[in-house]
Every structure is written in C-alpha cells, then in structure tokens.
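Here are my notes for anyone opening this structure for the first time. Have the sequence and the 3D view side by side while you read.

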Amino acid sequence: MNPLLQDFNTPPFSKISNEDYKPAIKKGIEIAKSEIDEIIHNTDAPTFENTTVALDFSGEKLNKITSIFFNLNSAETNDEIQKIAQEVSPWLSEFSNDITLNEDLFKRVKAVYDTRENLDLTPEQEMLLDKQYKSFARNGANLNEEAKIKLREIDAQLSKLSLQFGENVLAETHAFEMHLTDENDVSGLPESVKESAKEVAKSKEKEGYIFTLDYPSYIPFLTYADNRELRKKMAIAAGKKAFQDNEFNNENVVLNIVNLRQQRANLLGYKTHAHFVLEERMAETPEKVIEFSNNLLEKAKPAALKEFENLENFAKKLDGIDQLQKWDGSYYSEKLKKELFDLDQEILKPYFKLENVIDGVFEIANRLYDLKFEEVFNIDKYHEDVKTYNVTDTEGNFVAVFYADFHPRKGKRNGAWMTSYKSQQIKNGINERPQVSIVCNFTKPTATKPSLLTFTEVTTLFHEFGHALHGMLANTTYNSLSGTSVSWDFVELPSQILENWCFEKEALELFAKHYETGEVIPMKYVEKIKESASFHEGMQTLRQLSFGLLDMQWHGQNPSGITSIKEFENDAFSNTKLYPDVAENCMSTAFSHIFQGGYSAGYYSYKWAEVLDADAFEYFLEEGIFNKEVATKFKENVLSKGGTEKPMDLYKRFRGKEPKPDALLKRAGLV
C-alpha cells in the first residue's frame, strides 16, 4: 500500500519511496476532483455551508501529499525528485485551473457571494467568501472559453519554468568548489571556518580545504579571507550562477517567466503583473510601492554614500585599495566594524551555541506566549539532522508539532525558510493543530566544536521561528485563512519583530552563554551589538531597496521589449549602485525570491514589514520586552488571526494606531 494514501498524522517519511509520489499525487487529484463534483452536483441551492465551506475543506488529502513532496524537493532533493517535480507540477497547475475555470462551480460560489449581504456572516466568514470569489475571478473564471485555454497554457508553462529556474540555481551552486592546499591562501580565516572546509575536503577524499557556494562556506570566505584574488574568484562564481554559457543558464527562463506573467495579467484585465499581484496586498498598487521605496531611498541614500566613502577611505588607508569592489565589501566592513566597535563576529560565536540559541528562543516564546517545547523522538523524520518537538501551552494543551532542520547538505537549497506539513483548522468541532517546520543552513558541528552561530545566523533563527509562531499559534476556523496565509506584505511582521529580542540584554542573558565556561555574554558585547546594529544600515537599506525596485522593474511594466537581462538590470540599479559593475555577474538569473519563491512584485514587503515591526516593537520597548499584556495583544490580534481580517485592521487593533516609518528610521540611525 502507498504510505502517502494511508491515514497518517505526521508525515511517514521513512516509509515513503520516490515511486510513491506520482501515483499518490494522481490519486490525490482524483479524490479532490470527486469532492468538487459533490459540491457541483448538490441539488440543494448553494449556501455558505454546502459551497463555500465545503470548497475550503476539499483537497485535504492532496495538500498533505504535495506539502510533503515539495518540502522535500527544497530540503532533501535529488535528481529523481526533481524529475518528478517537473512531471507533477503541470498536473497540479492544471488541476488548480480545473477548479478556478469550472463554470458550474463558479456559478455556485458566485450565487453565495451575490447574496452575502443577507447571510449574517462573521468577519472571518466574510473574508473566506470574499477570498474564494476573488480566487476564481482573479484566475480567469469570468473569461471566455478561448481565453481560459490560453490561461491554462500560460500557467502550465510558468509552473515548469519556475522549477527549472530553481534547479539551475541549485546545480550551479553545487558545480563550483574552490580547492586550496596552500596555508597562505586561507590566511585571515577563523579556525572554525578552516575546520569546516577541511571536513568538506576530507569527505571528498582530498587534502587541504574546500570552499563552496553554500552560505556557511561562502559568506565567511568573503568576510575574512585576506587573499583578494581568491575572494574575487569566489564572489564572481557566486555572482554568475545561472548566467554562464552552459545548460544551466537562466537568461531565457527569466525572460519567458516575466513575459508570461505579463500576458497572464493582461488576459485577466490588469495592466501588469504587479498591478495584478498588489491588488490583494496592503500596498494595493505599484505606484504606492514605488513611492514608499523612493521615500525610504531618499532617507537612506545620503547615509549609504557617506558609509561607502568611509569604507573606501578605510580600505585605501589599510591596504592602498584604490577602487572598492564587490568582493571587498564584507571584508573591509568586518575590519572597520571591528575597529569602530571592537566587535568581532568570531568573539561572539562561542556565546551562540546552536542548542543554547534554540533553548533561548523557546524560553522567549514561553515568556511571551506561554508555550512549552519538548523534544520528542517518536516522530518520523526525513533526515537524521532534523529535530522534532511537541509544543504545548502552560496548561498542557497540545498546540503544534514543530520540526527544525539546521545544517547544509547536498540536496538542500541555500537560505532559510519556514514551511508547514499541515495547517490549523476547526473541522467538525475539532481544532486540528498545525505541523510547522523551519529549515536553515547553519555551520555544522565539527570534530572539536559544536555548531557555533554568527550573530547574523542567530537573527536568522529568530526570524524563521517568528514565522513558525505565526503558524503554530494559528486559531482560525478555515485552513485557507490560517497561520501565515496572510497578505504577503504582512507575513514578514511576525518573523521580523522577533529578531528585535536578539538585541536586548534581558533576552540575551537567557541564552547567550559561552559554550565552554557557561559565562553569560559580557554586557560590553551586548552594548556593542546594539551600537553596531545600525552599522552600514544606509548601505543595507539601499541594497534591499535596490532588490525591491529591480523586482518592480521586472513586473511593473511591459517586459516584451527587453532583450538583454544584463543591460536591463544595470539600468534598474543605476540609482542605487555603489560598487562598480562586474561584467560576468547578474543578479536576476539567481534571484530565486522573485522567480521561484513567490515574491514576484512583492520583494518590497521586507522593507514594508520592517516599518511595521519597528513600530510594533516600540510598543514592547515602552511597556517592557516581556510585558504580558502587549504580548497577549500581539498574539490575539496578529499571531492567532491569520488572514481572517484585513491586515491593517488587525495591526491597528494591536497597536491602537496606524504604523509610521519613524521608528524604523530611528532604529536604523537614518534620522
């Protein structure tokens, strides 16, 4: 029997083989189709219960199967899984179109929608009905037959192209390694970094050190390696991912994606893909996003130029560098930071042993939201590195299952993300609790040292855990409105706000303890962490805004005239550029957020949510970072509510007013 088609609570990873996926997904689609047929052929008049709710609960089996499959395709993939993904993705986009383009089903949905004034619905029910109706209208339900066929073709192509984009980036990441045997070549690198690189070499039966484009290898190399030529080699290799004359080149993939998105938007009556996307976001229009970005740019650019000039002068004074290049930025920033704040990432690392940071984030969640985490060993997992936890509240009620997967390996894409295997919902009177996972790429323990995190990795862990809390504390009736199912420019608020605790003495003292001596992190370091938090914030803000504006350039205008990605990109970056251009590098061909990860016309959301998070955290600072009353308001109005109401309404109920950018500008030292 196919384990994916059995009834299971948590995913039965150890029982699943690759052969199980295709038949299970096929069968899942069949079951979901029969559930849809049941709704359509119901002889009773359409009601909220027999149509809207029934549709929301349909496809549950299929969702469980596909969430397992696609999560593994990101965290534990191989050639075979990638091949299956290429085959099943078009099936799924066709099935999704079968629903949204089904006239009989849409008639029933529309019939309920048209009578909504007389239905006496709760705000959550109204939201479900509104989202459901729009998901049909925004996906072609009102189109004629010919246009519907065209839409189906576009969607099938897009689903394959975004997969191909990601596979090419992954292949390019793994194709490069830099093998060094001369000790001089690794001068400047911390012992822990060298030890990791040695272990990689050893695993490949080679002497010396191997550095790769995986973040825990690549970032420290660019930050610490004294050899400028090797930093250059590394940076160029990273910058030309999927922009080389080989089978993994993404240039045509990108052009195809943006043109198909534009055609799709036009077909549905929108001017551009960005107009289509933003209609359902807090920001509402491309014009608003561009205005928001330019306002921040105006504040950040003078600071960024000044910071850059200081960095150039510092590099010139130190090493006689006349022209600062991209491969010099991290290296001299780290040195300058050390000089200004006497703060070295390497000095901090012993205080951030992974296990202690995990305990710390759990303790903070306990103090704020009454959660308890117990590691359990009876839950099946897809890799031995994965940790599994039962989450309960202080009364002992079950809250969620939590998975955490922390270290890089072959078959796992770079970066960090939160995902889920099952959403929370209330069905037949039972509150079904969620199964949430975070996946990161932190330095692995070595033979002599545990996994010690850089401060950036600490904030990454808090960030992803903030998303996880949003999923775990969900308490809504309908799964499509549950947890992180919120508008994209609101989804980063719970993750980004939690990062703030990493900078607070009261929080750091709970977990930042030296892994050998148990000494709590000295206050002088905490003060330096806070002081240095806004170090180069102008440059960082400029960088984030440049990515958001590049995204809007790709998606906020008709891209059909674009022939050279490189020229287009240089043009988009002209107002935010600090470093000289590197001819063989290109950002867009590996910009996975917007071409694979769902952030198209949405990259601005990081900055948008930063405005929200700085404003929200200011409330905590006023009342105390562990203030129960403020935490409860945040939990009840933001974390547990999912997408059941408009984000701005939820935010104002928590904060008592609309957010203003002042707190962010103050925190970033830009005013």
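This is a predicted model: local features need pLDDT of at least 70, side-chain atom pairs count only at pLDDT 80 or more; totals for chains, interfaces and linings use all residues.

1. Start with the largest nonpolar core, which has 115 residues. Phe-352, Phe-402 and Trp-501 are the ones with the most contacts inside this core. Helix α13, residues 286-319, gives the most to this core, at ten residues. There is also a second, separate core of 53 residues, and Ala-32, Phe-48, Leu-105 and Tyr-382 are among its members.

2. Next, look at Trp-417, which lies in strand β6 (residues 417-422). Is Trp-417 buried or exposed? Its relative accessible area is 10%, and buried means under 20%, so Trp-417 is buried. Setting aside neighbours within four places in sequence, Trp-417 is in contact with Ser-74, Ala-75, Lys-412, Ser-437, Ile-438, Val-439 and Glu-464. Trp-417 and Ala-468 are 51 residues apart in sequence, while their C-alpha atoms are 9.5 Å apart in space.

3. For a contrast, go to Asn-42, in the loop between α1 (21-40) and α2 (48-57). Asn-42 counts as partly exposed because its relative accessibility is 25%. Beyond its neighbours within four places in sequence, Asn-42 is in contact with Asn-50 and Arg-108. Asn-42 and Gly-624 are separated by 582 residues in sequence and by 55 Å in space, C-alpha to C-alpha.

4. Two loop residues have backbone angles to check. Glu-284 has a phi near 75°, a positive value in a residue other than glycine. Glu-284 sits in the loop between α12 (273-278) and α13, and at 44% relative accessibility it counts as partly exposed. Ala-601 also has a positive phi, near 55°, and is likewise a residue other than glycine. Its place is the loop between α23 (592-595) and α24 (605-623). Ala-601 has a relative accessible area of 0%, so it is buried.

5. Now the cysteines. How many disulfides does the structure hold? The count is zero. Cys-502 is in no disulfide, and the nearest cysteine sulfur, that of Cys-440, is 12 Å away. Cys-502 counts as buried because its relative accessibility is 0%. Cys-586 counts as buried too, at 6% relative accessibility.

6. The second largest pocket holds about 290 Å³ of space. It is lined by 17 residues, with Asp-393, Val-399, Arg-433, Leu-473 and Lys-635 lying nearest its centre. By class, that lining has seven nonpolar, five polar and five charged residues.

7. A search of the whole structure turns up four cavities of 30 Å³ or more. The largest cavity holds about 60 Å³ of space. Its lining includes Ser-192, Ser-196 and Lys-349, and also residues such as Thr-443, Lys-444, Pro-445 and Thr-446. Lys-449, Pro-450, Ser-451 and Leu-452 line this cavity as well. Three of the lining residues are nonpolar, five are polar and three are charged.

8. The second largest cavity has about 40 Å³ of space. Which residues line the second largest cavity? They are Ser-293, Gln-544, Leu-545, Gly-548, Tyr-603, Tyr-604, Tyr-606 and Lys-607. The elements that give two or more residues to this lining are α21 (537-555) and α24, and α21 gives the most, with three. By class, four of the lining residues are nonpolar, three are polar and one is charged.

Notes
Residues are numbered from 1 along each chain as its sequence is written. Side-chain values use heavy atoms; hydrogens and water are left out. On a 1 Å grid over the protein atoms alone, a cavity is a set of points where a 1.4 Å probe fits but cannot get out, and a pocket is an open set with protein on both sides within 12 Å along at least five of seven lines; lining residues have an atom within 4 Å of a point. Grid points are joined across faces, edges and corners, and a volume is the space filled by probe spheres set on the points. Ala, Val, Leu, Ile, Met, Phe, Trp, Tyr, Cys and Pro count as nonpolar, Asp, Glu, Lys and Arg as charged, and the others, Gly among them, as polar. A nonpolar core is a set of buried Ala, Val, Leu, Ile, Met, Phe, Trp, Tyr and Cys residues joined through side-chain atoms within 4.5 Å. Buried means under 20% relative accessible area, exposed over 50%, partly exposed in between (1.4 Å probe, protein chains only). Helices (H or I, at least four residues) and strands (E, at least two) are DSSP runs, numbered from the N terminus. A disulfide is a pair of cysteine sulfur atoms within 2.5 Å. Contact means heavy atoms within 4.5 Å.
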